[in-house]
Amino acid sequence: MFRAGLFALLLFFVSPLWSAEVIVSFDSQEQSELYHDLLKEYRCLKCQNQNLADSNASLAGDLRREIRDQILAGNGKKEIDQYLIARYGDFVLYRPPFSAKTAILWIAPFVLLLVALFSVLVMIKRQRKRAQIIEEVENDQDELFNMRLEKAKKLLND
Amino acid sequence: MKIALKLLPLAIFVILAWFLGKGLTLDPSELPSPLIDKPAPEFSVARLGREPGDPSDGEFVSADMLGQVWVLNVWASWCGPCIQEHPYLVSLAEQRPVPVVGLNYKDDPLDAQRWLARLGDPFAHLLDDREGDVGLDWGVYGVPETFIIDRAGRVRYKHVGPVDEAGLVEKLIPIIDQLQKEQS
C-alpha cells in the first residue's frame, strides 16, 4: 500500500519528462521568451492542429532545434518566419499574413458583421413602421366610433 | 425582389454545400510546396553506407545534376507507405532514363540497405540524410515525398505520400517526358 502510494506520488514528478518540449537554455531571458512565443506561432506540418510547442512529432523536434539554433545565432522573428515560409509556405503560420490570397479570410468576418448589423437595422425600422400603421388604424377606428356615437346621441336627443 | 429574398437562404445553402463538398475531395495533408518553380535547395551529402569524408565515392553534390531532369525521392525503411510506393519507383527507373535519387531520411543505414536488398534498388544515387538536414531544407514533412527537378535545377513538381499507379502514369511520367523535351 505504502509502496503503491509512493509510486503514484513519484509519477507526478515524472510527468514533465513526458511533455514534448525539451529543456533548452539560452543566453538571455529575451531569447528564451522569443523561443517560447515562436513555438506557439508555428504549426507542426505533420500533425496540423498542433503548434510546435505541443507536438511530439519528430519533425516538430527538428524544427524546434532549428529555431533554437537560429535564436542563439542572433536571428529574430522576421528571419525565422522567412526561413520557415521558404520551406513550408504560409501554412506554417497560425496567423497568415495579409495578401491577395488571404484577404477574404481577414475581411469576411467584418463584412458578415456589417451585413448582420444592416439587417438588424432594417428589421427594427420595419417593425417601427408596422407599429405606427397599427396605431394609425386604431386611431382611425376610434375616430369612426366616436363619430357614430355622436351621431347616435344626436338621433336619441332628437 | 420578394422572390429573390425568398431564394436567398437556398442560394446560401447551395454555396455552403459546394464549399463543404469540395472540402471532402481535398486531402488536407497535401500542402502546396513553396518550392515549386523555384531553384531547388542545394546540398551535398554523404552516400549511404559510406562515412563522411570517405574518399571512395565522394559526396553527392546536387549541383552536379544540372543539365538533366532528375527525381528526388525521400524515403526511409521505417516508413510503411514507402513499401507500397517502391514497386512504382522501380517501374519508373525501368521505363524512363531518368536518374532517381533516393534520399534516405532519418534512417539507420543498415536497415536501409537491408530494405533495398529485399525490395530492389531503383536509385541512381543513394544518399544518407541521417539527421534530416537535407529534408528540412526541402520542406519535407511526410515521408515519402517525391520531387521532380528540371534541367535548370528548378523544382517543378512535388508529390506528397506514396506514388501509386495513377500518380506514376498520369503525373510523374508525363511531367518527366515534358521536362526532358524542354531546353534549359
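Predicted model: local features only at pLDDT ≥ 70, side-chain atom pairs only at ≥ 80, totals over all residues.
Which residues of the largest nonpolar core touch the most other members?

Entry 1. Residues are numbered from 1 along each chain as its sequence is written, while chains are lettered from A and ligands numbered from 1 in the order in which they are written. The largest nonpolar core has 54 residues, and those that touch the most other members are B:Leu72, B:Val74, B:Tyr105, B:Val143, B:Ile148 and B:Ile149. I took a nonpolar core as a set of buried Ala, Val, Leu, Ile, Met, Phe, Trp, Tyr and Cys residues joined through C-beta atoms within 7 Å. A residue is buried if 20 or more other C-beta atoms lie within 10 Å of its own, exposed if 12 or fewer, and partly exposed in between, with C-beta atoms placed from the backbone.

I then listed the contacts of B:Ile148, leaving aside its neighbours within four places in sequence. They are B:Val71, B:Arg156, B:Tyr157, B:Leu172, B:Ile175, B:Ile176 and B:Leu179. Two residues are in contact if their C-beta atoms, placed from the backbone, lie within 7 Å.

**Entry 2. Helix α5 of chain B.** Helices (H or I, at least four residues) and strands (E, at least two) are DSSP runs, numbered from the N terminus. The expected span is 1.5 Å times one less than the number of residues. I found a bend of about 30° at B:Leu172, with a proline, B:Pro174, following within four residues. The bend at a residue is the angle between axes fitted to the seven residues ending there and the seven starting there.

In α5(B), B:Leu168, B:Leu172, B:Ile176 and B:Leu179 are buried. An α-helix has 3.6 residues a turn, so residues three or four places apart point the same way. The buried residues of α5(B) pack against α2 (80-95), β6 (145-149) and β7 (155-160) of chain B.

Entry 3. I found β4(B), residues 100-105, mostly covered, with five of its six residues buried. Strand β3(B), residues 70-75, runs parallel to β4(B), and five bridges join them. Two strands pair if DSSP finds at least two bridges between them. B:Trp75 has B:Asn104 in β4(B) as its bridge partner.

I also noted a cis peptide bond between B:Val143 and B:Pro144, with omega about 0°. B:Pro144 lies in the loop between α4 (133-137) and β6 of chain B.

**Entry 4. Positive phi in chain B.** Where does B:Lys106 sit? I placed B:Lys106 in the loop between β4 and α3 of chain B. Phi of B:Lys106 is near 45°, a positive value in a residue other than glycine. B:Lys106 has 19 other C-beta atoms within 10 Å and is therefore partly exposed.

B:Asp37 is found in the loop between α1 (2-25) and β1 (44-45) of chain B. Its phi is near 70°, again positive in a residue other than glycine. B:Asp37 counts as exposed because it has 11 C-beta neighbours inside 10 Å.

**Entry 5. Chain A.** I recorded five helices and zero strands in chain A. Buried residues make up 13% of its 158 residues. Helix α5(A), residues 103-157, has 55 residues and reaches 81 Å from its first C-alpha to its last, close to the 81 Å expected. α5(A) bends by about 25° at A:Pro109. The number of buried residues in α5(A) is zero, so this helix lies largely in the open.

I next examined A:Gln70, which is in helix α3 of chain A. A:Gln70 counts as partly exposed because it has 17 C-beta neighbours inside 10 Å. Leaving aside its neighbours within four places in sequence, A:Gln70 is in contact with A:Asn75, A:Glu79, A:Ile80 and A:Tyr83.

**Entry 6. Between the chains.** How many residues of chain A are in contact with chain B? I found 13 residues of chain A in contact with twelve residues of chain B. α3 (58-72) and α4 (77-88) of chain A each supply at least two residues of the side that touches chain B. By class, that side of chain A has six nonpolar, three polar and four charged residues. Ala, Val, Leu, Ile, Met, Phe, Trp, Tyr, Cys and Pro count as nonpolar, Asp, Glu, Lys and Arg as charged, and the others, Gly among them, as polar.
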